[in-house]
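The sequence and structure come first, and the text follows them.

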Amino acid sequence: MKILLVEDSATLRHAMSHFVRTAGHEPVIAKSGEEALQIIEQTAVDLIIMDVEMPGLDGFETTRLIREWLGDHWIPIIFVTGMSEDESLEEGIDAGGDDYLVKPVSQMIISAKIRAMERITDMRNQLATLNRELKVLSQRDGLTHLYNRRTFEELAEKQWKIATRNKAPLAVLLLDIDHFKQYNDYYGHQQGDRCIQTISSVLAKCVTRPDDLIGRYGGEEFIILLPNTPEHGAHYIAEQIRKSVERLQIKHRASPSNTYVTVSIGGAALNYTTGTTWAHQVGLADKALYTAKASGRNTSTIQSADPHGLILVVDDDDASLSLISDILKGHCSIITAKSSEECMELAQELQPDLILMDAYLPGVNGYETCKSLTSNLETEEIPIILTCQADSLSEVEEFAAKAGAKTALLKPLDKHKLIDKIGRFISPNSLSLP
């Protein structure tokens, strides 16, 4: 082991270093608590032997700081002190020590203590290894070793949030083995399991990027998440999988549509996640899978699933309208109005999911229009975001609150802030496939 000796006495450092080397270990020397902290930050050690009485940081305070720095990573710490009172022992244990030696320390005693701590460390390491293995087993499907459904969903939600933060495209594929019940009935469940294992190995070969996720979603159903993948990329991967399975030529004499095992694949691909959810996209992929099966199976159907929440943009400046349209392109559908009267008419007729309204530009009295919208039974539930130029956001937010708007944004508009704000209010229930 690499053992850190924290001792301010040169004589004791020399003696303790000799004891550690004789026991077959490597000593690392610190002359003070401060130096010990620096070593811990830079060097991995397996055991610490800590003098209690030191100038500056004493052994107890140094140990508290080490425990705080290491967090959940445990290293055994043995205190060495000239004090033998019970209170001192109790304080050392409370500080984070694991054992206590009273000076003078013999080579036999310290060697025995090191062996004891070494055994404890080995047992903890073995337990940590077993826990890691159990965690992996709990995340994987027993038959295919792909992610099980629960773990896949957890990891997919994380990837979804990353895609939302990065404004990146994302695709999800659902895959089903065609006529698998007939295959199981004809060839038996053991052969059916081997078929599922073979298909899962094909998926692993076709879906290889580090952030891609593959899971077993049901008996013969698999799910794949493809981050940073637009519609054409999803279609390419789906076809690679379908053709690879077909090339296996696994006989399926009970299939009413093919003499070999085939798969059907449905997918949903979107360029932005604004205004929709992961669960909604899986539902769209499931509908696409149904379409693939209805088309005769052994095919893939990928549909664009960009969100189509409707936003009414109210502004009488053409440059502002053009800028907002460019920012929101692909995130949602946009209609525009240049006056309060037009805004009220469109809001009542179309019931948009959100209204983005300028507060001060000539021809648009944003404050009064906002008050009118929020007091009208037909439009009172539509969230409103006010935009205007001002010295501070708090000033605009205060104004917006008085007008009845949900929130506010400063002009000139920041692309990412605008999309983030809109994403909080657009309802996934308003979305549909184009």
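Helices (H or I, at least four residues) and strands (E, at least two) are DSSP runs, numbered from the N terminus. The model is predicted, with local features needing pLDDT of at least 70, side-chain atom pairs counted only at pLDDT 80 or more, and totals for chains, interfaces and linings using all residues. Residues are numbered from 1 along each chain as its sequence is written, and side-chain values use heavy atoms, without hydrogens and water.

**Cis peptide bonds**

Most residues other than glycine have a negative phi, and most peptide bonds are trans. K103 and P104 are joined by a cis peptide bond, with omega near -5 degrees. P104 sits in the loop that runs between β5 (99–102) and α5 (107–139). The bond from K411 to P412 is also cis, and P412 belongs to the loop between β15 (407–410) and α15 (415–423).

| Peptide bond | Omega |
|---|---|
| K103 to P104 | near -5 degrees |
| K411 to P412 | about 0 degrees |

**Positive phi**

H179, a residue other than glycine, has a positive phi near 50 degrees. Its loop lies between β6 (170–177) and α7 (180–187).

Q351 is in the loop between α12 (340–350) and β13 (354–358).
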